[in-house]
Amino acid sequence: YGGYAAAAAFGRTASDGTGRQYLSLITPLYGGGAWAAISPEFWNVERTARAGQFGYGREHYVAITVDSSYLSCFLDGSLAGRTWLGGVALSDLSSELAYLGRSLYAGDMYETGSINEFRIWDNALSADQVAANAIAGPNVVPEPGALVLFALGAGPLFLRRR
């Protein structure tokens, strides 16, 4: 089927296996550019913002913003595509499903890439904020120390002995 996957998808799946009331980042598996899509119903009324071609074998920073007028897609900190929402709002979308690495469409394949970090903000970031986040890169999560690992591993053992 078509060779599409979704790095992220939020919305619902209808009984016919198609996505409804969604926001998605679509990643073609066989060439072509990726895009962000938003729809208050299904694909024939969706609005899309093109992200362009991802280079394979290297990490990319992708951001999608939705404000009161536009859906924007950024690739590696730069605006790659933008589309007018035409009255579509996040409140028009379903909150039934939230997927990473999977589409709302039953026939689409699973994402074959990996996701290093995923963030959801409660406001649309500016282009400058997106660029700054791209430059900063993902958060570094410190490795736990040996004592913490021992405590985590030994904790259940002590609980079982009581």
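Two strands count as paired here if DSSP finds at least two bridges between them. Strands themselves are DSSP runs of E of at least two residues, helices are runs of H or I of at least four, and both are numbered from the N terminus. What we have is a predicted model, in which local features need pLDDT of at least 70, side-chain atom pairs count only at pLDDT 80 or more, and totals for chains, interfaces and linings use all residues. Residues are numbered from 1 along each chain as its sequence is written, and side-chain values use heavy atoms, without hydrogens and water.

Three strands make up an open sheet, ordered 5-6-7, with antiparallel pairing. Strand 5 (62-66) and strand 7 (78-84) are its edges, each pairing on one side only. Between strand 5 and strand 6 (residues 70-75), five bridges are found. Thr65 has its bridge partner, Ser72, in strand 6.

Thr65 also takes us to Ser126. The two are 61 residues apart along the chain, and their C-alpha atoms are 8.4 Å apart. Ser126 sits in the loop that runs between strand 8 (97-100) and helix 1 (127-136). Is Ser126 buried, partly exposed or exposed? Its relative accessible area is 33%, so Ser126 is partly exposed; buried means under 20%, exposed over 50%, and partly exposed in between, with a 1.4 Å probe and protein chains only.

Last, another serine. Ser24 belongs to strand 2 (residues 19-28). Ser24 counts as buried because its relative accessibility is 6%. Beyond neighbours within four places in sequence, the contacts of Ser24 (heavy atoms within 4.5 Å) are Ala8, Ala9, Trp35, Ala36, Ala37, Ile64 and Leu104.
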